[in-house]
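Please look over the sequence and the 3D structure shown here, and keep both in view while reading the report that follows.

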Amino acid sequence: SSCIFLPMKHVVILSAFLSPFRSGAEACAEEVPLALGNEFDFVIITAKLRRDLPRTDMLRERIPVIRVGLGLPVDKWLYPFLAPLAARKQKPDVIHAVLETFAGLALRFCGRIPAQRILTCQTLNRSFLKAMIVRSPDVVTVISTALLDTVKAAGRDNAVHIPNGVPLAAIRDA
C-alpha cells in the first residue's frame with residue numbers, strides 16, 4: 001500500500017474584531033480555527049484598534065493572529081484596505097471572512113488573490129454595500145433563514161445555510 005501526502009490547506013480568517021472585542025461573529029472567527037486547527041493551517045487577520053495590542057500574537061497559543069492598522073479606533077475603517085495586503089502575504093488557499101461588514105468588504109478587495117473566498121453572513125443590521133459584498137465570494141454561508149432571504153434578495157441565490165453550533169460539552173454541563 002502507498003501513502004499519499006496531502007498538504008494542509010492554509011486558511012486566512014478575516015475578522016475586523018477579535019478578543020478583547022469579542023462578540024458573536026468574533027466567537028466564530030476564534031472557535032472555528034481552534035476546533036479545526038489540526039486539519040487546517042490557520043491565521044487570523046484582524047484590526048489592531050488599540051495601541052497596547054501586539055501586531056502579531058497567538059490565539060490560545062495555537063492560532064497566529066495578525067493585527068493591521070494604527071492601534072486606533074479608526075482601524076475598523078482601514079481594515080478593508082489593509083487586511084487584503086496582509087492576506088496576500090500569507091499565500092492562502094482559502095480566505096474566509098466572518099461578517100459581511102468590514103471583513104466582507106476586505107474579502108471583496110481580496111479578489112485578485114488566487115484563493116477560494118468564503119463569506120459567512122451573520123447580521124441583518126447592516127445593508128451598506130451588502131449586495132456587492134455577498135455577490136463577490138466563491139461561497140457564501142449564512143447562519144439563519146432570515147439571512148438566507150436577505151442574501152437572495154441581494155442577488156446571491158446559492159448561499160448555504162449553516163446554523164451556529166453549540167459545543168457539545170456546554171449542553172452536557174447544562
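## T46 and its surroundings

Apart from its neighbours within four places in sequence, T46 touches S15, A16, F17, L18, V65, I66, R67, V68 and Y79, where contact means heavy atoms within 4.5 Å. T46 belongs to strand 2, and with a relative accessible area of 1% it is buried; buried stands for under 20% relative accessible area, exposed for over 50%, and partly exposed for what lies in between, with a 1.4 Å probe and protein chains only. A polar atom of the T46 side chain lies 3.1 Å from the backbone oxygen of A16.

This is a predicted model, in which local features need pLDDT of at least 70 and side-chain atom pairs count only at pLDDT 80 or more, while totals for chains, interfaces and linings use all residues. Residues are numbered from 1 along each chain as its sequence is written, and side-chain values use heavy atoms, with hydrogens and water left out.

## The sheet

Helices (H or I, at least four residues) and strands (E, at least two) are DSSP runs, numbered from the N terminus. Eight strands form an open sheet in the order 3-4-2-1-5-6-7-8, with mixed pairing. Strand 3 and strand 8 are the edge strands, each of which pairs on one side only; two strands are said to pair if DSSP finds at least two bridges between them. In general, the strands of a sheet pair through backbone hydrogen bonds, either parallel or antiparallel.

Strand 2 and strand 4 run parallel and are joined by four bridges, with I45 standing opposite I66 of strand 4. Strand 1 and strand 5 also pair in the parallel sense, over four bridges, and V11 has V94 in strand 5 as its bridge partner.

## From strand 1 to strand 2 through helix 1

Strand 1 and strand 2 run parallel and are joined by five bridges, and the bridge partner of I13 in strand 2 is I44. The loop between strand 1 and helix 1 holds P20, which is joined to S19 by a cis peptide bond with omega of about 15°.

Helix 1, residues 24–36, has 13 residues and reaches 18 Å from its first C-alpha to its last, close to the 18 Å expected at 1.5 Å a residue; the expected span is 1.5 Å times one less than the number of residues. Its buried residues are A25, E26, A27, C28, A29, E30, P33 and L34, and they pack against strand 1 (10–14), strand 2 (41–47), strand 3 (56–59), strand 4 (63–68) and strand 5 (94–98).

In helix 5 (residues 145–153) the buried residues are L147, L148 and V151. Seen down the helix axis, they fall within an arc of 105°, so they line one face of helix 5; the arc is that of the directions from the helix axis to the C-beta atoms. An α-helix has 3.6 residues a turn, so residues three or four places apart point the same way. On the other side of helix 5, D149 and A153 are exposed, whereas the cover over its buried residues includes strand 6 (116–121), helix 4 (130–135), strand 7 (139–142) and strand 8 (160–161).

Just after helix 5, G155 takes a positive phi of about 105°. R156, in the loop between helix 5 and strand 8, counts as buried at 7% relative accessibility. The side chain of R156 makes a polar contact of 2.7 Å with the side chain of N158; such a contact is a pair of N or O atoms within 3.5 Å, and within protein one must be able to donate a hydrogen and the other to accept it, while residues adjacent in sequence count only if both atoms are side-chain atoms.

## Two exposed loop residues

E61, in the loop between strand 3 and strand 4, has a positive phi of about 60° although it is not a glycine, and at 76% relative accessibility E61 counts as exposed. K91 lies in the loop between helix 2 (75–90) and strand 5; its phi is near 50°, a positive value in a residue other than glycine, and at 68% relative accessibility K91 counts as exposed.
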